[in-house]
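Me: I would like to go through this model with you. Could we begin with how the helices pack?

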Amino acid sequence: MPITPDLIARTGLRLLNDVGLDGLTMRTLAKELDVQAPTLYWHVKNKHELLDLMAGLITAEAADGVEGPSRNETWQEWIAGLARRMRDAMLRYRDGARVTAGSYSTGPSIGRTFELVLRTLTDAGFSTTEAARAFPAVLHYVVGFTIEQQARTGESYEGPNPYAQTMTIDETRYPLTASVTKELYAVDSDDHFEYGLRIVLAGIEAVRQKGSSVSGS
């Protein structure tokens, strides 16, 4: 099979579950593909470019099959569904969110997804500027939350996962913190993700409504 940027990136994603982002090197990739490391640099200049390609594949997985809102679907419901898709795609790979964070992703699926997002929000009454600012807020929440969630699996620790251990808090000095330790350091984060997502979406709507009332006064 010929070596291509796409093959290199897909191999990198496959290796993530075994070695994690910190263990993913061009030398490791070359060994997996049974080539010399310099061969890879003909196709991928450096690890940062590799991560951009890998992030593009993760984003394409999240966007696969996405269509615009159904007849009775609100913009909040549709954006929430897309946010869950993005999170699920990153969770398929160890350190998937770290790969995605700060990466420059391109490709047809990126443009199509953003067009759907902007169309959905402008159809709901957002200006194009408001829509262009609102969606990154959701995206950044999803990526940041998922980075934290994946860190709590403890896969990057050489010893026991500290998040799986009971945290001792001085109840006398910090009674409120001690009463919600399990909530603060929960490993199973689905409920926490949904709660935060609702806050972000509600905040976006509140800011939009405030802006509309100010402009209309």
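Me: At what angle do helix α1 and helix α4 pack, and how far apart are their axes?
Reply: This is a predicted model. In it, helix α1 (residues 5-23) packs against helix α4 (residues 47-63) at about 90°, and the two axes are 9 Å apart. An angle from 65 to 115 degrees counts as roughly perpendicular, so α1 and α4 are roughly perpendicular to each other.

Me: Which residues make that contact?
Reply: From α1, the contact is made by Pro5, Asp6, Ile8, Ala9, Arg10, Gly12, Leu13, Leu16 and Leu21. Helix α4 contributes Lys47, Leu50, Leu51, Leu53, Met54, Leu57 and Ile58.

Me: How do the residues of that contact divide into nonpolar, polar and charged?
Reply: Twelve of them are nonpolar, one is polar and three are charged.

Me: Turning to α2, which of its residues are buried?
Reply: In helix α2 (residues 26-33), the buried residues are Met26, Leu29, Ala30 and Leu33. They lie on the same side of α2, because the arc they cover around the axis is only 100°.

Me: What covers them?
Reply: The cover over the buried residues of α2 includes α1, α3 (37-40) and α4.

Me: And which exposed residues sit on the face turned away from the buried side?
Reply: That face of α2 carries Arg27 and Lys31, both exposed. Just after the helix comes Asp34, whose phi is positive, at about 60°.

Me: A change of topic: where is confidence lowest, and where is it highest?
Reply: The lowest confidence in the protein chain is in helix α10 (residues 181-184), with a mean pLDDT of 80, and the highest is in helix α5 (residues 75-91), at 98. The chain as a whole averages a pLDDT of 90, and 93% of the residues score at least 70.

Me: Where does Thr146 lie, and is it buried or exposed?
Reply: Thr146 belongs to helix α8 (residues 128-151). Its relative accessible area is 0%, and buried means under 20%, so Thr146 is buried. Setting aside residues up to four places away in sequence, Thr146 touches Arg87, Met90, Leu91 and Ala97.

Me: What about Arg112: which helix holds it, and what is its relative accessible area?
Reply: Arg112 is in helix α7 (residues 108-123). Its relative accessible area is 38%, so Arg112 is partly exposed.

Me: Which residues is Arg112 in contact with, leaving aside neighbours within four places in sequence?
Reply: Those are Val66 and Glu67.

Me: Finally, how far apart are Arg112 and Tyr185?
Reply: Arg112 and Tyr185 are separated by 73 residues in sequence and by 37 Å in space, C-alpha to C-alpha.

Key:
Residues numbered from 1 in each chain as written. Predicted model: local features only at pLDDT ≥ 70, side-chain atom pairs only at ≥ 80, totals over all residues. Heavy atoms only, no water. Axes fitted to C-alpha atoms, helices over the stretch in contact; angles between N-to-C directions. Helix = DSSP H or I, 4+ residues; strand = E, 2+ residues; numbered from the N terminus. Parallel < 35°, antiparallel > 145°, perpendicular 65-115°, else oblique. Contact = heavy atoms within 4.5 Å. Nonpolar A, V, L, I, M, F, W, Y, C, P; charged D, E, K, R; others polar. Buried < 20%, exposed > 50% of the residue type's maximum accessible area, 1.4 Å probe, protein only. Arc of directions from axis to C-beta. pLDDT = per-residue confidence, 0-100.
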